[in-house]
Amino acid sequence: MARKPKQLPELAWLAPRMTASRVVSLVSFLALAALLVVNTLFFADLHGARTWVVLAILLVPLAMLAPGMIMGNARAHAWACFVVNLYFIQGVLAAIDPARELFGWLEAGLSLLLFCAALLYTRWRFQYNRKLAGE
């Protein structure tokens, strides 16, 4: 028996969801970066390491994604889903330590929110583009 291809959602259904998921992903992206900066500058015990080196290591992966995320590039959002897993792991490991528990839960929560929003934006953006192309 031949399988019927799935119908793509209508543009009117996709557009507001795309906008909302993009806003949530951008807000969580910026909040994650801000959390990392604030924690490093004011709360982290760096054991004598230079602050700018630690900040650079933490922020370079996010900085590489920032232009694409700001412009609404679906591929940048897809890559964010991969990169943000590093921050989720770091957050879970920090949450285990009682002295860093709050930071850990915030980092894990923001990275999970970013992952879900970026994933939904990527899916809906590709569906939107396929619908515009006439599929």
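**Exercise 1. Find the helix that holds Ser-21 and decide whether Ser-21 is buried or exposed.**

Step 1. Ser-21 lies in helix H1. Helices are DSSP runs of H or I with at least four residues, strands are runs of E with at least two, and both are numbered from the N terminus.

Step 2. The model is predicted: local features need pLDDT of at least 70, side-chain atom pairs count only at pLDDT 80 or more, and totals for chains, interfaces and linings use all residues. Residues are numbered from 1 along each chain as its sequence is written, and side-chain values use heavy atoms, with hydrogens and water left out.

Step 3. The relative accessibility of Ser-21 is 6%, so Ser-21 counts as buried. The cut-offs are under 20% relative accessible area for buried, over 50% for exposed, and partly exposed in between, with a 1.4 Å probe and protein chains only.

Step 4. Leaving out residues up to four places away in sequence, Ser-21 touches Ala-117, Leu-120, Tyr-121 and Trp-124. A contact means heavy atoms within 4.5 Å.

**Exercise 2. Describe His-47 by its place, its phi and its accessibility.**

Step 1. His-47 sits in the loop between H1 and H2.

Step 2. Its phi is near 55°, which is a positive value in a residue other than glycine.

Step 3. His-47 counts as exposed because its relative accessibility is 72%.

**Exercise 3. Compare the length of H2 with the expected one, then locate its kink and its buried residues.**

Step 1. H2 has 21 residues, and 30 Å separate its first C-alpha from its last, close to the 30 Å expected at 1.5 Å a residue. The expected span is 1.5 Å times one less than the number of residues.

Step 2. At Leu-59, shortly before the proline Pro-61, H2 has a kink of about 45°. The bend at a residue is the angle between axes fitted to the seven residues ending there and the seven starting there.

Step 3. Leu-55, Leu-58, Leu-62, Leu-65, Ala-66, Gly-68 and Met-69 are buried in H2. These buried residues pack against H1, H3 and H4.

Step 4. After H2 comes Gly-72, with a positive phi near 85°.

**Exercise 4. Work through H3 from its cap to its buried residues.**

Step 1. Asn-73 caps the N-terminal end of H3, with a side-chain oxygen 2.7 Å from the backbone nitrogen of Arg-75. A polar contact is a pair of N or O atoms within 3.5 Å; within protein, one must be able to donate a hydrogen and the other to accept it, and residues adjacent in sequence count only if both atoms are side-chain atoms.

Step 2. H3 covers residues 74-96, so its 23 residues should span 33 Å at 1.5 Å a residue; the end C-alpha atoms are 34 Å apart, which agrees.

Step 3. H3 also has a kink of about 30°, centred on Cys-81.

Step 4. The buried residues of H3 include Ala-80, Cys-81 and Tyr-87. Among what covers the buried residues of H3 are helix H1 (11-43), helix H2 (51-71) and helix H4 (101-132).
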